[in-house]
Structure formats: C-alpha cells, structure tokens
Amino acid sequence: MRRGGTATESATTEKERRLGRYRLLDLIGRDGDARLHRALDANGQTVELWTVPLARLCADAAGVERFRQMATAAARLSHPAIPAILASGEHAGTAFVATLPVEGRTLGARLDDGPLPWDEAVATLDRALDAQSAAHRAGVVHGALTADTIRHSGSAAVVGGFGRAALTAARADRKDDLEAAARLTERVLAGHEDRPAVAALLTNLRDGGSFPDVASLHIAVSGLTGALRPRAVAPVRSTRWPLWAGGVVLAGGVVAAVTILNWPSPPRTVAESPAAESAAVALPMPPPAATPSAPPSPPAASRQPPVAEIAQALRTIPCALVTVEKTGGRLLVSGTVAGERAETEVRETVEALAAGWDHGFDLANADAQFCAPLGSVATALDANRGLAEPLTASVLEGPDLSAGNPLVLEIRAPARPVQVQVDYFTIDGSVVHLLPNPSDSGAALAAGASRRLGEKAGGDKATDGKPQSGRYWTIGPPFGTEMLLTIATAAPLFPTPRPEQEPAADYLAALADALATMPDDAPAPLADAQFIATGP
C-alpha cells in the first residue's frame, strides 16, 4: 500500500504467487484469459497449472457446472499419450486444472525445421489420433488440437491441452476436433506426397474428407504403413479422492459454490514403450449389474439444527470471518479464513453441527499471520456482531483492489459515541495506522455518525492533489490478501500516537496491553474486521 503517494514497498514475496496448495513458479503460456503456469504442489511435485478467472465461467448459468463435468471426465482418461490430470477445481475466484508436465519440443517447432522422417511422421500422427479418438470414446473433446499442443516425451508423442479444454473450450465438439485432426494430418504428412497412399489421403482431406469421426481418420493413417493397428479403448479411472476446495466468486449475481477437487489414481508414465502400447488392447468392461437400492428416506427437517446455532459456533473460531446462510434448501458457508488450521476448524465444526443439512463451502484462505490480530479482538468482534447498530468499516471500492486503486473507507459509529482506531495489516507483516495518523488525530465519532478516510479534496475531480484529511492511500506491492481492523472504544486506546507504520507484532503487543488495562466500568470495546484482496 502507498501512503500519500509515497510507496511503502518491499520485494514480491512467495505468498503472492500461490494458488491454494500450488506455488506458481513462472508463466509459460496463455490462451486468451487462460494462463499456463509451471508450479509446485504441496508435496514439491512439479505440475502444469492452467487457470482462468472464475467469473469467465459464470457468463452463463451452466458455465461452472460444465467446467466441473469436463474436468472430471478428462481426469478419468487413461492413455499413454495423454498427461495425467492431477486435480481441478476453484479457489479464490480462479478455476484451475493441474496436469503432469511434459518436456520436449513441440511438434510444431520440429515441423518448422522440415518434414519428419516417414516412420516418425506416421508414428507421431498415429499416436496423437489414437489419443484423440480414445478421448472421444470417453466423452471428452480437446477443442484446440494443433502441432503446438503435441510434444515428444522421450521417443513418443504426448498430446497436451486436455485440461485447458475444460476451461476454454466449453462449446467445442467432436466435429471441431475432427477438423483439427484433419489439419494436423495434412501438416505432418506434408513432404511425403510422393507416396501414393499419402497423396490419396491428402486429396480426400482437401476435398472435404469422407471421415465421420477421428477414429476413422486414425484407421486410415494406421493403414499407411500397410498394417492396421488395433484400436485401444481408454479404461476409465474410477478412484476419486477429495482434496481441498475454496474460493468465492460473484458474477452476474451467481454465487459459485465450492468444488471438491478430483484427484485421479496415481500418476501414470506419460511416455510408454510403443511396442508395449501396440501389443496391449484394452477391452471395454461390461457395465456393472444394477444393485437394488432402498427407497430414499423422507427428509427429516426436524433433525436440522437451526442456522443461527451453526453461525454462533462459527463465530467462536477466532481466525475466521465466515457467514452461514440457507440458500436453495442447503447451507452455504462462505468467507475468509486465516491459515489452513482455521479452515480445517471451520469445516470440522460445520460437519459436526450440520447433520441433516446439505451444505457446501466457499472459503478463501488468507495468510495465517492474520490470525493474531483477529484473536486479539475476538471478544470485541463478537460484541459488535450482537448490536442492532454495530460499528462498521466499508471499503468503498473493495473488497478486491488493484495496483493504483485508492483505499477509501467509510466508518460508521455504533449507537454511542466512540473513539476509533483504524489499522491496515499488510501481507509483509506491517501495520499502517490509518486513524489516528500524523495528519489527522480526530478519531472521535458521535453516536451513529460516519466519516470517510482516504479521499482527496474534491474527490476524483481534484486537481491540486491535496488530501482532504492529510493522508490518502493507494494500493501498491506487495500484493495479496490483507486485513482492515477497526476498533471502537470510549476513550483513545493509546495515550500517545503510535508510529504511522510499524511491525504488526510490536503493535499487537501494545494493543493487548491497552485492552487489558481498560477500566472495568468502561463500555465494552467493539471491533469490525474484513479482508481485502489486492493485486497488480
């Protein structure tokens, strides 16, 4: 955050480049709004992570559900030329798909150097088309098959991009894949038209083709060598393990509910021996016999605990700012938690108390360092929640702010006169005291009164750049989830002003002493807290 136009900055921290359990290392590709990152998971395994803003998927009511279905289906693919999809889901406003990485040059780059040798050209094309036809048999489309999505891992081709398709190819179908496969075939076989079989195949494709699907084109390519290759049926992965979930997004008035991430069975080797591949023919398994199931039990509304009871239990968790509401006949728990331990506590509390309710979670995870300030005012936060006219602090342009955005607050007093202390806790472990500050010691508010902080004189139309209160703030690095804390007491918390900026640990120690030494007959302190997501 920048104060009065003067930067208070530090180097970008590792926390800025995390997405849930993944640490983003570098950006290695993009496709419109989609981004491809090299990343490390919580176990230190390198993965490739495709991401898009979740709001993009909320453009229509079925967008998020379509992504989940496509990502789940893609995760069940098992083919030696398709990298394993390790996980998919949504977190903090971002949808993602994680896959095993694939090394090696792209097929496009190799073709730029000239035609592939005949045997390699046919083997590469045969393997890629086999992967695509196997995906179609499993109900998965690719949506963007090109020579640039194919790499050579060792001596065998690997087709990437199936995970990205779930994020960006919602309206692609098998016809699109067939057209892309035809273009790929023409490019790979270019330079080998002197072979009669190739010339005939390319003429067929250029005349519009007579292939109803990718599988039939694959058979034609396999026949170029004079030996038809048996068609493999991709077995379906059935094991799905829940991992973590999170993220909150509002788009078009739709709240995207939590997604249980899909962790397929252990990663397979993405490049297998061509000999072993051609020798193995996977046969489709017959469908399991239907198992009679007992009639569903009637809903037992009487066993559902009151929502207020669950909400009260969640308020006792000091490191979480969450709410619970009934929507569409189910409970939705949403908000932000400070650290994985707090998230676990929220989930376990709901699981223990919400028996009889269908429920879900929309949780964003902030750094665990914010647990300390929340814990220091836990009693004041709970006291404020119980008031008909509570203390409130609103971020006028928030809670998501980008670099250069102004930080403008509106503070409203409860139904009694108070002195307010307004603090901004940054991601790098500092606290900036917004009020009082060296230019403004007027922290008194009458009962029910409100005032703004951070506005320049004349608002957005100001030309002289002079701040109204002597201080204004804009968002700057380091970026991440940060926290605004407002405390209301009958008398000033501190007899002398604190430094305008100081380490959070020093301030929290002084705050604990100030709260502990308040007179017994003084009105109970009140507090309001909220998280602010900042980014470049």
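Reader: How do E7 and E8 pair, and over how many bridges?

Author: This is a predicted model, and in it E7 and strand E8 (residues 94-99) run antiparallel, paired over six bridges. To get your bearings, look at Ser-88, which stands opposite Val-97 in E8.

Reader: Which sheet do they belong to, and what's the strand order?

Author: An open sheet of six strands, ordered E3-E4-E5-E6-E8-E7, with antiparallel pairing. Strand E3 (18-19) and strand E7 (85-91) are the edges, each pairing on one side only.

Reader: Which helix lies across E7 and E8?

Author: Helix H2, residues 63-75. Its direction is at about 165 degrees to E7.

Reader: What about the E5 and E6 side?

Author: Antiparallel too, with six bridges joining E5 to strand E6 (residues 46-53). Leu-40 is partnered with Thr-46 in E6. In that hairpin there are five residues between the strands, and Gly-44 has a positive phi near 85 degrees.

Reader: Switching to helices. How do H4 and H6 pack?

Author: Helix H4 (residues 118-137) and helix H6 (residues 174-189) pack at about 175 degrees, with their axes 10 Å apart. That angle makes H4 roughly antiparallel to H6.

Reader: Which residues meet there?

Author: From H4, Trp-118, Ala-121, Leu-125, Ala-128, Leu-129, Gln-132 and His-136. They meet Arg-174, Asp-177, Ala-181, Leu-184, Thr-185, Val-188 and Leu-189 of H6. By class, that contact has nine nonpolar, three polar and two charged residues.

Reader: How many disulfides are there?

Author: One. Cys-319 and Cys-371 form it, with their sulfur atoms 1.5 Å apart. The two cysteines are 52 residues apart and link distant parts of the chain: Cys-319 is in the loop between helix H10 (307-315) and strand E15 (320-327), while Cys-371 is in helix H12 (residues 371-376).

Reader: Is Cys-319 buried or exposed? And why is Cys-371 called partly exposed?

Author: Cys-319 counts as buried because its relative accessibility is 10%, and buried means under 20%. Cys-371 is called partly exposed because its relative accessible area is 23%.

Reader: Since E15 came up, which sheet is it in?

Author: An open sheet of three strands in the order E15-E16-E17, with mixed pairing. E15 and strand E17 (359-366) are its edges, each pairing on one side only. The twist averages 10 degrees from one strand to the next.

Reader: How many bridges between E15 and E16?

Author: Eight, with E15 and strand E16 (residues 330-338) running antiparallel. Glu-325, for instance, stands opposite Leu-332 in E16.

Reader: Which helices pack on that sheet?

Author: H10 touches E15 and E16, and its direction makes about 170 degrees with that of E15. Helix H11 (residues 340-353) packs on the sheet as well, touching E15, E16 and E17, at about 165 degrees to the direction of E17.

Reader: One more strand. Where do the side chains of E20 point?

Author: They alternate along strand E20 (residues 409-412).

Reader: What does E20 pair with?

Author: Strand E18 (residues 392-395) is joined to E20 by four bridges, antiparallel. Strand E24 (residues 450-453) is also antiparallel to E20, again with four bridges. Glu-410 shows up in both pairings: Glu-410 is the bridge partner of Ser-394 and stands opposite Arg-452 in E24.

Reader: And the totals, to finish: how many helices and strands?

Author: The protein has 14 helices and 28 strands. Of its 536 residues, 47% are buried. Among contacts with a separation of 6 or more, 69% are between residues 24 or more positions apart.

Terms used
Residues are numbered from 1 along each chain as its sequence is written. This is a predicted model: local features need pLDDT of at least 70, side-chain atom pairs count only at pLDDT 80 or more; totals for chains, interfaces and linings use all residues. Side-chain values use heavy atoms; hydrogens and water are left out. Two strands pair if DSSP finds at least two bridges between them. Contact means heavy atoms within 4.5 Å. Axes are lines fitted to C-alpha atoms, for helices over the stretch in contact, and angles run from 0 to 180 degrees between N-to-C directions. Angles under 35 degrees count as roughly parallel, over 145 as roughly antiparallel, 65 to 115 as roughly perpendicular and the rest as oblique. Ala, Val, Leu, Ile, Met, Phe, Trp, Tyr, Cys and Pro count as nonpolar, Asp, Glu, Lys and Arg as charged, and the others, Gly among them, as polar. A disulfide is a pair of cysteine sulfur atoms within 2.5 Å. Buried means under 20% relative accessible area, exposed over 50%, partly exposed in between (1.4 Å probe, protein chains only).
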